[in-house]
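Good morning, colleagues. Let me take you through the model now on the screen, starting with its contacts.

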Amino acid sequence: MVAQFPDMDPAYRDRPGVAELVAVLSSGGDARIVLDPVSGLNRYLAAPYPRKTLAFASSTANDLSAPACDHLLGLRHKGLPDYTAHLDNLRQRIRSAYRIAESTEVVFAPSGTDLEFVALAAVAGRGRAGVHNILLGADEVGSGCVYSARGQYFAEETALGVATYPGEPVAGMESVTLADVPVRCAGGIARSSEEIARQVRAEILRTHSEGRHALLHVVHGSKTGLILPELTEIDALKAEFGDAMSVVVDACQARIARSAVGDYLARGAIVFLTGSKFMGGPPFSGFALIPETLVAAASPLPSGFASLFRKGEWREGWAGREWLDDSSNPGLALRLEASVFELERFGALGLSAVEQVIMSFQRAVRELLEHKLGLRLIDTVPPGEEALAVEHPIEMLTLATLDVSRHPEAQTFEAARGLYHALDKTGLRLGQPVKCVRRDDGDWGGTLRVGLSMPQICALAAIDDHAREAALFEQIGRFAEALAIPA
């Protein structure tokens, strides 16, 4: 099998145990995780093994880093623990990494899309007529979330191998309704926090009048780095509506500081994170951090969760857990292990070292892609709120969204997708296009995203200032050369 993966790092091609590890890491998920037998890549052009390709694609999906691969090979050689015991150990390590209370519940899921089911379960039964899910920016989170946020299956097969179809309700979640509040206007410009909060308030008022419980999604690090609404607006809504609303924070990109995680949890919010974006683990894995107060008041898990989750992924004692399958998912366990390994490595770095790497990355992107090529960088704050950029968390500076709509091969969104695939064939990979640039003809313009990951920051922090600057300018320079418009 390994020989069929042409882009594998040669150091791992004939290494004992690699083929078996790749097989396990690409199992235990939905169809998105399956590797193409020729390219050895999943549908996001990522792979669960170290590759020769140069990637700044953490906004979409990462390849497995060499240190994480070595770690997993060693772990498998020693023998994996029992599935539930393994996940319990990961729970402790996650709480330690984010410095959060031991009472915080950690629920695991095979993807960020599946995490929507976790939040719905945590607030089920709070409204006599059901739950109204207020999703922010469906285009800025994940395409499958419009299904799972309604309590519906989003793929043709679950991680347990149960055949389903997108849009089919999960048993026990039929009373969920959904509203999508855009984070950008029709022209692609980011909306202000106050504007979004006003629309959210109107949704909550309507929800309350219908006897439904409001579940508000907060976006902390969207596909283009937006954080909306701000804490001041969240606090105002909580003060007005109290227990009539709950909050879930979509931080699935994992571009979030420990302090911010703590701030959200202190407000009683659920926090979603995935291991396969900024965290740098292989796709797919995710976990939800749930405050103790929500766990204590939670209703039994819906019966349909037996097709979605295994017992070990929920803590012992959660009502309804007994309905879940008692089998193991070694693929998910190892993907999570790799992600938490990367999180711990990153957490061991000092803030100064992280900042230096990020600033070098920003200098390379701005000098080579923005100034030299003339590509516009999409703002991560709404117009008129540029002063907020100074206060924007530094982890948001690990992502840059490029407007490539003036490039002859990427003028439209679909053309940019073609360029994204063409770049990968040359050994260069960026994040997928997103719809945030509107052309004069009304079509969506092309974009591409350049993103650092935790493993990349760890590697760059290990070398001196001059070598780090030179490395980033050389690497970003390869993309600048590939994106240069012919004279």
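**Contacts, fold and cysteines**

In this chain, residues 24 or more positions apart account for 71% of the contacts with a separation of 6 or more, a contact being heavy atoms within 4.5 Å. The model is predicted: local features need pLDDT of at least 70, side-chain atom pairs count only at pLDDT 80 or more, and totals for chains, interfaces and linings use all residues. Residues are numbered from 1 along each chain as its sequence is written, and side-chain values use heavy atoms, with hydrogens and water left out.

The chain has 16 helices and 13 strands, taken as DSSP runs (H or I, at least four residues, for helices; E, at least two, for strands). Its radius of gyration, 22 Å, is close to the 23 Å that the globule rule gives for 487 residues, so the chain is as compact as a globular protein of that length. That radius is taken over C-alpha atoms, and the rule is 2.2 Å times the number of residues to the power 0.38.

Of the 487 residues, 58% are buried; buried means under 20% relative accessible area, exposed over 50%, and partly exposed in between, with a 1.4 Å probe and protein chains only.

How many disulfides does the structure hold? It holds zero, a disulfide being a pair of cysteine sulfur atoms within 2.5 Å. For Cys 185, the nearest cysteine sulfur, that of Cys 436, is 11 Å away. Cys 458 has its nearest cysteine sulfur, that of Cys 69, at 16 Å. Cys 185 is partly exposed at 37% relative accessible area, whereas Cys 458, at 10%, counts as buried.
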